[in-house]
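Here is a short tour of the charged side-chain pairs in this protein. Have a look at the structure first, and then we can go through the contacts together.

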Amino acid sequence: MSKNIAIFASGSGSNAERIVEYFSDSTEINVKLFLCNNPEAGVIQRAERLNIPLVMFNRQQFKSGEVVDILKENEIDWVILAGFLWLVPKNIVEAFPNKIINIHPALLPKFGGKGMYGHFVHEAVVENKETESGITIHLVNEHYDEGAIIFQASYPVLPTDSPEDVAKKGQVLEHKHFPEVIEKAILGQSLI
């Protein structure tokens, strides 16, 4: 039986679109729903273009359990965070134990935690003169970026790289690996 996934996004939605494309012909995994907390997010237009139902929600609905109800009504099996910036509340973590996957644009535990997202991460990598950065895909618990790591990939950071250069390198790895890691995690395949 096919597993239904819901993708939470707060931004442009490029990872969300890549995941939809990856699973478009799958008989085992179905992208059923996008959820978004940002009325200005580019993912809203992507959802429309990709013909994926979109649910908008606010912080109160997120914390109250209303979002859990929406996920259950839509028979969601797994939750994917693709550029989603809010801390996931306990009610959602408990409703989907070890079935929430996030992607982070750095090699955790470096450059993780509250406020470390997007360009803030890439600026920190450059400011700290790191020689490499990468992506981390991890399970979600009730703390920012502290869930069990299931996959990491790295790339070199050159002394001449700007935060924008670092971001571009990271996005290449995100689009390449995130859908595949999601698939392996859901199907219980080895990630090594």
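## An exposed arginine

Arg-49 is exposed, with a relative accessible area of 55%. Please keep in mind that the model is predicted. The side chain of Arg-49 meets that of Glu-17 in a salt bridge, with 3.0 Å from N to O. Because Arg-49 sits in helix 2 and Glu-17 in helix 1, this pair ties together parts that are 32 residues apart in sequence.

Is Glu-17 buried or exposed? With a relative accessibility of 11%, Glu-17 counts as buried, since the cut-off for buried is under 20%.

Glu-17 also forms a salt bridge with Arg-46, where the closest N and O atoms are 2.6 Å apart. Arg-46 belongs to helix 2 (residues 43–50) and Glu-17 to helix 1 (residues 14–22), so this contact ties together parts that are 29 residues apart in sequence.

## A pair within helix 5

Which residue does Lys-90 meet in a salt bridge? Its partner is Glu-94, at 3.8 Å from N to O, which falls within the 4 Å cut-off for a salt bridge. The two residues are four apart in helix 5 (residues 90–95), so about one helical turn separates Lys-90 from Glu-94.

As for accessibility, Lys-90 counts as partly exposed at 46%, while Glu-94 counts as exposed at 51%.

## The overall count

The count comes to five salt bridges. Among them are the pairs Arg-46 with Glu-17, Arg-49 with Glu-17, and Lys-90 with Glu-94.

How values were computed. Residues numbered from 1 in each chain as written. Predicted model: local features only at pLDDT ≥ 70, side-chain atom pairs only at ≥ 80, totals over all residues. Heavy atoms only, no water. Buried < 20%, exposed > 50% of the residue type's maximum accessible area, 1.4 Å probe, protein only.
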